[in-house]
Amino acid sequence: SHGRPRPEPVQVVKARRDAALARLVEGVPFATFLGVRFERLGDELTARLPFDDKLIGNPILPAMHGGATGAFLEIAAQVELAWSAVWERMEAGGPGAEAIERGDFPPMPRTIDLTVDYLRTGLPPDAYARAVVNRAGRRYASVRVEAWQDERGRPFAAAVGHFLMPREGA
């Protein structure tokens, strides 16, 4: 029949978005090394850092290494920023969405600076993080991110990062 294409089933759209998110994260080598995964609920992303012995900085406590914690927060912030651009292209359809389908993602935002507050010891259970974009302009973005383990209301680390956004077509 002519006219408008029929809308895709919700499961197909969800699977496509989940696959795009997984491919985006695979494009961040350190995220792959650390084992960082992302779960999507609607348009909200939660980063998950599965516990691994390689993350321990102080084996006596045992405490998560500060570098692993900082990297986890930075990855959560970068993927949040990148995902919003990917999401917009997928929603808009056309050539931008087709590029995402092929795995052709826009470049990742580049970190200008990241200030981490270590609030308490990161322990062996899995860690989670959620990033909130405070400001996103064409060239610059500011993101706040918190990491927790057992209770979201009791973060063990928090950060604010500033990022240089990739130029369109760059």
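Predicted model: local features only at pLDDT ≥ 70, side-chain atom pairs only at ≥ 80, totals over all residues.

Residues are numbered from 1 along each chain as its sequence is written, and side-chain values use heavy atoms, with hydrogens and water left out.

The structure holds 3 aromatic pairs (rings of Phe, Tyr and Trp, the last by its six-membered ring, with centres within 6.5 Å; planes under 30 degrees apart are stacked, over 60 edge-to-face, the rest tilted). Select Phe30 and Phe33, one of these pairs, which is stacked at 5.6 Å centre to centre with 15° between the planes. Both sit in helix 2 (residues 29-34), 3 residues apart, and are therefore separated by about one helical turn (helices are DSSP runs of H or I with at least four residues, strands runs of E with at least two, numbered from the N terminus). Phe30 is partly exposed at 43% relative accessibility, and Phe33 is also partly exposed, at 49% (buried is under 20%, exposed over 50%, partly exposed in between, with a 1.4 Å probe and protein chains only).

Next select Trp83 and Trp87, whose ring centres are 6.1 Å apart with planes at 65°, so this pair is edge-to-face. They lie 4 residues apart in helix 3 (residues 66-92), about one helical turn, and Trp83 is buried at 2% relative accessible area.

Finally, select Arg138, in the loop between strand 6 (127-136) and strand 7 (140-148), where Arg138 is exposed at 78%.
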